[in-house]
Amino acid sequence: MIENMKVLYVAGDCVEPYVKIITVKQTKRRLSLCSLEDSEADEQEFQEVGNSFPVLSDQSQLIDDRHLKTLLAHLPPRTQSYKWYLVYSTAIHGSSLKTLYRNMAGLDSPVLLVIKDMHKKVFGAFSSDPFRISKYCYGTGETFLFTFSPDFQQYKWSGENSYFVSGDLESLQIGGGGGGFALWLDADLYHGASFSCPTFHNPTLSTHQDFIVQDVEVWTLKN
């Protein structure tokens with residue numbers, strides 16, 4: 001039944017003009033006699049982040065404390081002190097991509113997409129930009145994929161292309177360039193798919209390329 005959907009998400013690449021590329025700046029690293037002190041300061045800061053948890057506006061139904069602690073340590077440094085606000089949940093708002101877009105209208109902050117499929121696998125993506133309908137791809141090099149299936153893995157931007165995020169009323173797509181999307185969700189947030197793609201050099205995020213969605217949460221991260 002799901003294979004009939006492939007024609008929708010195994011398609012050409014999204015159009016790419018006007019995409020601003022921003023790589024994560026390397027800070028607090030100086031090639032000098034003081035580099036050792038800087039390195040020790042960085043290590044202490046990372047340990048402090050690793051021992052803390054984000055402040056959530058609501059309790060997550062998909063990620064536990066272990067997930068939260070791991071995700072926080074891998075977020076872009078500028079967002080690690082931000083509070084997480086739940087802007088969309090299938091458990092609260094129903095299964096609708098249109099509602100997901102509507103709930104993010106007017107947002108100007110990064111978002112974290114968390115998916116649990118019917119095989120109980122948890123995975124998703126961090127997007128530098130809130131999800132919206134757009135003719136062109138959008139996002140920056142801060143965007144990344146992650147999976148907890150079975151252990152945590154992060155897939156950062158490869159630099160090979162800038163097909164970060166695109167979306168319309170029929171589907172939401174993340175990554176591309178190789179004939180399939182790294183992550184694809186349909187209009188009902190019921191059917192999903194995940195393929196390897198050049199944008200992130202990722203494997204399939206779940207245990208199956210095609211999957212059925214159990215629940216979705218989207219969190220926005222704001223200072």
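S109 counts as buried, at 8% relative accessibility; buried here means under 20% relative accessible area, exposed over 50%, and partly exposed in between, with a 1.4 Å probe and protein chains only. The structure is a predicted model, in which local features need pLDDT of at least 70 and side-chain atom pairs count only at pLDDT 80 or more, while totals for chains, interfaces and linings use all residues. Residues are numbered from 1 along each chain as its sequence is written, and side-chain values use heavy atoms, with hydrogens and water left out.

S109 lies in the loop between α5 and β2. Helices (H or I, at least four residues) and strands (E, at least two) are DSSP runs, numbered from the N terminus. Beyond four places in sequence, S109 is in contact with S128, D129, P130, T220, L221 and K222. A contact means heavy atoms within 4.5 Å. The side chains of S109 and T220 are joined by a polar contact of 2.5 Å. Such a contact is a pair of N or O atoms within 3.5 Å; within protein, one must be able to donate a hydrogen and the other to accept it, and residues adjacent in sequence count only if both atoms are side-chain atoms. S109 and S127 are 18 residues apart in sequence, and their C-alpha atoms are 9.1 Å apart in space.

S128 is one of the contacts of S109. S128 sits in the loop between β3 and β4. It is buried, with a relative accessible area of 9%. A polar atom of the S128 side chain lies 2.9 Å from the backbone nitrogen of T140. Leaving aside neighbours within four places in sequence, S128 touches S109, P110, G139, T140, E142 and T143.

Two strands pair if DSSP finds at least two bridges between them. β2 runs antiparallel to β3, joined by 6 bridges. V111 has S127 as its bridge partner in β3. The hairpin of β2 and β3 has 4 residues between the strands, and K120 there takes a positive phi near 70°. β2 also runs antiparallel to β11, with 7 bridges. Here L113 is the bridge partner of V218.

L113 and V218 also belong to the largest nonpolar core, which has 31 residues. A nonpolar core is a set of buried Ala, Val, Leu, Ile, Met, Phe, Trp, Tyr and Cys residues joined through side-chain atoms within 4.5 Å. The residues with the most contacts inside this core are L100, L113, I115, F131, I174 and V218. Two or more residues come from each of β1 (83-89), α5 (97-103), β2 (111-117), β3 (122-127), β8 (171-174), β9 (183-186) and β11 (210-222). β11 gives the most, with 4 residues. Not counting residues up to four places away in sequence, F131 touches L100, Y101, M104, V111, L113, Y138, V165, L172, I174 and V218. Apart from this core lies another, of 19 residues, among them L62, L75, Y82 and V122.

In helix α3 (residues 65-74), H67, L68, L71, L72 and A73 are buried. D64 caps the N-terminal end of α3, with a side-chain oxygen 3.1 Å from the backbone nitrogen of R66.

The whole structure holds 2 salt bridges. A salt bridge is a side-chain nitrogen of Lys or Arg within 4 Å of a carboxyl oxygen of Asp or Glu. One joins R78 and E142 (2.8 Å, N to O). R78 lies in the loop between α3 and β1, and E142 in the loop between β4 (134-138) and β5 (144-147), so the pair ties together parts 64 residues apart in sequence. R78 is partly exposed, at 39%, whereas E142 is buried, at 13%. D129 and R132 also meet in a salt bridge (4.0 Å, N to O). R132 is partly exposed, at 37% relative accessibility.

The mean pLDDT, the predictor's confidence in each residue from 0 to 100, is 83, and 77% of residues reach 70 or more. It stays under 50 over residues 1-8 and over residues 16-50. Where pLDDT is low, the predicted coordinates should not be read in detail.
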